[in-house]
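Here's a quick briefing to read with the structure open.

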Amino acid sequence: MKIQTQDTICAIATGHGGAIGIIRVSGSDAITIADRIFTPVSSSVPLAERKPYTVNFGQIKNAKGEIIDEVLVSLFRAPHSYTGEDAVEISCHGSSYILQQVMQLLIAHGCRAAGPGEYTQRAFLNGKMDLSQAEAVADLIASTSEAAHRLAMNQMRGGFSRELGKLRDQLLHLTSLMELELDFSDHEELEFADRTELQTLAAQIEDLICKLTDSFSTGNALKNGVPVAIVGETNVGKSTLLNALVGEDRAIVSDIHGTTRDVIEDTVNINGITFRFIDTAGIRTTTDAIETIGIERSFQAIKQANIVLWIIDQTVANQQIIELSDKVIPLCENKQLIIILNKSDLKIPAASIAAINFPGNVHTLSLSAKNKEGLDKLQNLLVEVTDFSSISQTDIIVTNIRHYESLVSALASIRRVKKGLISNLSTDFISQDLRECIYHLSDIMGEVTTDEVLSNIFSHFCIGK
């Protein structure tokens, strides 16, 4: 797909049903086209002769001279606009009829309807932001929790870009020293950098890239929701707990064993953190082929989760722990495991609960999913074990899979550099790996990105942004 930047584009930038609607127009003819459909009320001075960064009141009329609406037109001049181009924003009433009428007028007078993300794409192409900042715009719009908003805002303001810039500066310094050695390779007596010092610098760069790649697990959880697997035997209350947590009947609840045969997911925001709860098939021995597939997916959900909620029926607690411990506990290494003693409404004596020999390093609590008793304790515990409270708006955390893949490639390159320096590999081979590392970091910021990649990225944006 060829990127078009010469056309003047227009799009509705607000959602349907609001009291106010905004249409954005951007491009070299934006102000001229707006002048053709806009009639100021208090002055005859056209928009082209007015000062930028002003709001102008007037009317928009159709071809018959009939007033479509009274509007406010905000005026921006290049390069001081969101896109870096001349731009106007028309604020009118939120009627879909009015918005469509204004859009038709703009197109009739020379505009083209904007594609998804085309405004932000132009902002990137015109140097208003780098590609990682542009992608953060989409993340900011899509953010559904305080934590996701905080990370997107930091990236959009250039926090990630500055960190990458520091890495590139170090790599360029390292490259320049290696290239100098190549330029003066005929003079063996000249040495521009001690190999030990270069190894130290390469190791420092490796550590920085490692920290960024390691942060992706946290960033992905913050952006898409912390995966929480709800597991246990059949009829222990897994689906009842899911319904209680999400506040609606998402899963079928039945006394019949094996009702849940596939994973069911839903998200809940708790104290600014999005949790992605995954209800799974009850774990038991069965000859049913379909149920067996569901149980296999239950174990897969445990492997993919950050937090595992192991639901146990208090009436047969010891029995269920004995039956499932060797299946569940080994899969929960390096995960947060919360053992929930469900059906507390049945008033099981405290002595029988205390007698259960729980594994170490896990959290336990008692609740009634049916009566929604103790849910607040579970929610507080989920927030506590997630521990995102220490993450600030200035922390650099990778949330984008494209960035993560580029960083992994950069990490492999710098490790080859480090290995080459240790083994005294030829300078030209080491320089090639250094250039590859710089390439992968530059790809994140869009300095070496192709039109095809750009089109793919911005196609996921909403129209009007």
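Let's start with H9 and H13, which sit roughly perpendicular to each other, since their packing angle falls between 65 and 115 degrees. That angle is about 80°, and the two axes are 11 Å apart. Keep in mind that this is a predicted model. The protein chain has 465 residues, of which 48% count as buried, and its secondary structure comes to 16 helices and 13 strands.

**H9 against H13**
- Helix H9 covers residues 238–246, while helix H13 covers residues 375–386.
- On the H9 side, the contact is made by Leu 241, Ala 244 and Leu 245.
- H13 answers with Leu 375, Leu 378 and Gln 379.
- Sorted by class, this contact has 5 nonpolar residues and 1 polar one, with no charged residues.

**H7 against H14**
- Here the partners are helix H7 (residues 195–214) and helix H14 (residues 401–422), packed at an angle of about 160° with axes 9 Å apart.
- An angle over 145 degrees counts as roughly antiparallel, so that's the label H7 and H14 get.
- The crossing of H7 past H14 is left-handed.
- H7 brings Arg 195, Leu 198, Gln 199, Ala 202, Ala 203, Ile 205, Glu 206, Ile 209, Cys 210, Leu 212 and Thr 213 to the contact.
- From H14, the contact residues include Tyr 404, Leu 407, Val 408, Ala 410, Leu 411, Ile 414 and Arg 415. Further along H14, Val 417, Lys 418, Gly 420, Leu 421 and Ile 422 take part too.
- The class breakdown for H7 with H14 is 16 nonpolar, 3 polar and 4 charged residues.

**The six-stranded sheet**
- Six strands form an open sheet with mixed pairing, and the order runs S9-S10-S8-S11-S12-S13.
- S9 (264–270) and S13 (363–366) are the edge strands: each has a single partner strand, so one side of each has no neighbour in the sheet.
- From one strand to the next, the twist averages 25°.
- Inside that order, strand S8 (residues 226–232) pairs with strand S11 (residues 307–313) in the parallel sense, over 5 bridges.

**Ser 161, on the buried side**
- You'll find Ser 161 in helix H6, which spans residues 159–183.
- Its relative accessibility is 10%, and the cut-off for buried is under 20%, so Ser 161 counts as buried.
- Leaving out residues up to four places away in sequence, Ser 161 touches Asp 130, Ser 132, Gln 133 and Met 445.

**Gln 6, on the exposed side**
- Gln 6 lies in the segment before strand S1 (9–12).
- With 66% relative accessibility, Gln 6 counts as exposed, because the cut-off for that is over 50%.
- Asp 29 is 23 residues from Gln 6 in sequence, and their C-alpha atoms are 9.6 Å apart.

**Contacts across the chain**
- Among the contacts in the protein chain with a separation of 6 or more, 68% join residues 24 or more positions apart.

Notes: Residues numbered from 1 in each chain as written. Predicted model: local features only at pLDDT ≥ 70, side-chain atom pairs only at ≥ 80, totals over all residues. Heavy atoms only, no water. Axes fitted to C-alpha atoms, helices over the stretch in contact; angles between N-to-C directions. Helix = DSSP H or I, 4+ residues; strand = E, 2+ residues; numbered from the N terminus. Parallel < 35°, antiparallel > 145°, perpendicular 65-115°, else oblique. Left-handed = near helix turned anticlockwise from the far one by under 90°. Contact = heavy atoms within 4.5 Å. Nonpolar A, V, L, I, M, F, W, Y, C, P; charged D, E, K, R; others polar. Pairing = 2+ DSSP bridges. Buried < 20%, exposed > 50% of the residue type's maximum accessible area, 1.4 Å probe, protein only.
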